[in-house]
Amino acid sequence: WLSSQNGDGLQAVMGFNAREFRPGTSNSLQLGYVGQLSEEEVEAACYRWRQVEGFAARAANAAGPVSQYPSMAVYGTAVHSRFKTYIDDQHDWRFQAERSFLKEQAEPMVDPVPYGYRGSVRVDAYEYRDDGTLCIYDLKTGKSIVQDRRAEILATAVSRGLAPIRRVIVTEVRPLR
């Protein structure tokens, strides 16, 4: 619901301490904060947020109008594909797109997790900072929003796959045309 209120200088985010995810403990997410941050707060925590927004807009423009696609899903795939290319062109292991991570710790360790691997979740993009901040960017091209459960799955999987993580911010990104 908060994501649907984005705009006017506000961005919905979830923040929590990823150290709460330990082997043998509950997988439930203990949220330290769920709410909206100002654009300045998101920008201060997630240095590449504006760049990610730019890549999303550029990808949507390059994909062309939705009307030339047989469905919203096909359009979304076209935008995501271009978005990934723009991020890959940065050649930064701390800033990646369309990377898969295992959902469950009980799964056998596979590194890197192959695209589409059973029991994995794919993140649209992430930014990992040396201070332990992990920013997860979930690209949306239709009307859907980042649901709490989806944010929890992404945050849990990615924070297990990258370490050490001090905090995680999950934010939705929409292409602005």
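**Notes on the cores and strand E5**

1. Start with the inside: the largest nonpolar core has 25 residues, and Cys46, Val79, Phe83, Ile87 and Tyr137 touch the most other members. A nonpolar core here is a set of buried Ala, Val, Leu, Ile, Met, Phe, Trp, Tyr and Cys residues joined through side-chain atoms within 4.5 Å. Buried means under 20% relative accessible area, exposed over 50% and partly exposed in between, using a 1.4 Å probe and protein chains only. At least two residues of this core come from each of helix H1 (39-45), helix H2 (49-63), helix H3 (72-88), E3, strand E5 (133-139) and strand E6 (167-173). H2 gives the most, with seven residues. Helices (H or I, at least four residues) and strands (E, at least two) are DSSP runs, numbered from the N terminus.

2. A word on the source: this is a predicted model, where local features need pLDDT of at least 70 and side-chain atom pairs count only at pLDDT 80 or more, while totals for chains, interfaces and linings use all residues. Residues are numbered from 1 along each chain as its sequence is written, and side-chain values use heavy atoms, with hydrogens and water left out.

3. Back to Ile87: leaving aside residues up to four places away in sequence, Ile87 touches Phe55, Phe95, Gln96, Ala97 and Ala125. Contact means heavy atoms within 4.5 Å. There is also a second, separate core of 17 residues, which includes Tyr128, Val158, Ile165 and Val170.

4. Now look at E5. Seven of its seven residues are buried, so E5 is largely enclosed by the rest of the structure. Thr133, Cys135, Tyr137 and Leu139 point one way from the strand, and Leu134, Ile136 and Asp138 the other way.

5. What does E5 pair with? Strand E4 (residues 120-128) runs antiparallel to E5, joined by four bridges; two strands pair if DSSP finds at least two bridges between them. Glu127 stands opposite Cys135 in E5. The E4 and E5 hairpin has four residues between the strands, and Gly132 takes a positive phi near 90° there. E5 also pairs with E6, in the parallel sense, over seven bridges, and Asp138 stands opposite Glu172 in E6.

6. Last, helix H4 (residues 148-161): its 14 residues reach 20 Å from first C-alpha to last, close to the 20 Å expected at 1.5 Å a residue, where the expected span is 1.5 Å times one less than the number of residues. Among the buried residues of H4 are Ala151, Leu154 and Val158.
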